[in-house]
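This briefing is for a reader who has the sequence and the model at hand. The notes are grouped by topic.

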Amino acid sequence: MDRDAEAGLKTMLSHNVAPGVSPPRITAAAAERLLERTANPPFFAHSYSFYHNMMHGFSPQDLARFAYEHDLQGVCLHISDGEASSVRRMTPVQRAGFRALLEELGLRLHLEISSTDRKEIDTVVECARSLGAKNLRLYARHEGPLSAVIEKVYRDLAYACECANRYDLQFDYEQHEDLRAGEIAAILARLGDPRMKALFDYSNSLNAYEEPLEALHILAPHIRQAHVKGARKIVEGDGWGQLGVPQGSADDELPGARMLYDLLMLGEREPQVICFALEQEVDYYAPAFRKAGGPADPVIQYREPSETPVDRNKSRDRLLSDERRWAVQQIAWNRSLVASFRALARRMAPERSETERSETDWPRVASLPQAAYGRVV
């Protein structure tokens, strides 16, 4: 095995990783698996990357066309994104047209909601059935003592499992800033239903006072989808908030290369993670929900669904253009990362000819200079 290539990969995977975290064991067999898993990673467009655009005319159909034009495998779409054109508000005829567009473009559709309320679960199930979607994301927004919140989440997800089994669907619960990875893993283990798994978000564990990579490793057996993004940790007293920044920029403090590697490598025979949703969230802010120490049964505060404030230093047209630009940059950054993984893995993989070892992938997607953003503190 090429030791220089091994050292190069370890250097990539150590970027922004907290001290004391063990590096992955890189063997020739691991390099072979990495080559297989990076041949065509399931990158999806996410509607939250177009948060402000979708308030000003950018529709679910536009998101689908963006995904197709940038060679992505599908779209992750919140049923409320797009205002009047949202999936939630589409007529049956409009949903039939949207489904036909997705089928024509060969795109997979994953739907999302920001609640575990039974009425909202029923709504997303109805949307999924009419659109032919099978994978649904949800997260709870309960308040109260942690122990009571966990019981409420368990009951909500048990109902979602009933719906999933009735209609041949899959639900994934996102760790969304309040519950910690171990708490979510315990709920999923208690449910014991393969139709309910986890969606791992690159930065949301920060608000629960948990390092992202640690959360990933705890949730690893359950992860089926991922939200890919860049962020900074904001120290707020005894807790941590998060601020969204362009992924891969100098302000991005997340161990993005290591997280992508670890997620790609999950699953023994087949890839475990079926969707890497590129969810660029520049200027998104969320406060600390959990803190260091504290009582054994802390009180979880209620929160509204996620939102990104408007940068008042920009015109609306500039803000919308920057948002689309950041989305393209994120695709380029992740594909460049994958290309680097492949170049190094090819040199380490066993039983490959000199020709195979020297081959390069298709030219990388051209990346753009960073667009300005102003909320980094």
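What volume does the largest cavity have? The largest cavity has a volume of about 110 Å³. This is a predicted model, in which local features need pLDDT of at least 70, side-chain atom pairs count only at pLDDT 80 or more, and totals for chains, interfaces and linings use all residues. Residues are numbered from 1 along each chain as its sequence is written, and side-chain values use heavy atoms, with hydrogens and water left out.

**Cavities**

- The structure holds 2 cavities of 30 Å³ or more. A cavity is a set of points, on a 1 Å grid over the protein atoms alone, where a 1.4 Å probe fits but cannot get out. Grid points are joined across faces, edges and corners, and a volume is the space filled by probe spheres set on the points.
- The largest cavity is lined by 14 residues, and the closest to its centre are His52, Val282, Thr308, Glu323 and Trp326. Lining residues have an atom within 4 Å of a point.
- The lining of the largest cavity comprises 6 nonpolar, 4 polar and 4 charged residues. Here Ala, Val, Leu, Ile, Met, Phe, Trp, Tyr, Cys and Pro count as nonpolar, Asp, Glu, Lys and Arg as charged, and the others, Gly among them, as polar.
- The second largest cavity has a volume of about 50 Å³. Its lining includes Ala45, His46, Phe66, Leu278 and Gln330.
- Strand 1 (43-46) and helix 10 (316-348) are the elements that give two or more residues to the lining of the second largest cavity. Helices (H or I, at least four residues) and strands (E, at least two) are DSSP runs, numbered from the N terminus.
- Helix 10 gives the largest share of that lining, 3 residues.
- By class, the lining of the second largest cavity has 7 nonpolar, 3 polar and no charged residues.

**Lys229**

- Lys229 sits in the loop between strand 8 (223-228) and strand 9 (230-236).
- Is Lys229 buried or exposed? Lys229 is buried, with a relative accessible area of 2%. Buried means under 20% relative accessible area, with a 1.4 Å probe and protein chains only.
- The Lys229 side chain makes polar contacts with the side chains of Glu279 (3.2 Å) and Glu281 (3.2 Å). A polar contact is a pair of N or O atoms within 3.5 Å; within protein, one must be able to donate a hydrogen and the other to accept it, and residues adjacent in sequence count only if both atoms are side-chain atoms.
- Beyond four places in sequence, Lys229 touches residues including Asp201, Tyr202, Leu254 and Gln330. Contact means heavy atoms within 4.5 Å.

**Sheet 9-10-12**

- An open sheet of 3 strands has the order 9-10-12, with antiparallel pairing. Strand 9 and strand 12 stand at the edges, each with a single partner strand, so one side of each lacks a neighbour in the sheet.
- Strand 9 and strand 10 are joined by 7 bridges. Two strands pair if DSSP finds at least two bridges between them.
- Lys233 has Gln242 as its bridge partner in strand 10, and Ala231 stands opposite Gly244.
- The hairpin of strand 9 and strand 10 has 2 residues between the strands, and Gly237 takes a positive phi near 65° there.
- Strand 10 and strand 12 (residues 285-286) are joined by 2 bridges. Gln242 stands opposite Ala286 in strand 12.

**Buried elements**

- Strand 10 (residues 239-245) has 7 of its 7 residues buried, so it is largely enclosed by the rest of the structure.
- Gly239, Gly241, Leu243 and Val245 are buried on one side of strand 10, and Trp240, Gln242 and Gly244 on the other.
- Helix 9 (residues 256-264) is mostly covered, with 9 of its 9 residues buried. Among them are Arg258 and Asp262.

Note on methods
1 Å grid on protein atoms, 1.4 Å probe; cavity = no way out; pocket = protein on both sides within 12 Å on 5 of 7 lines; lining within 4 Å. Buried < 20%, exposed > 50% of the residue type's maximum accessible area, 1.4 Å probe, protein only.
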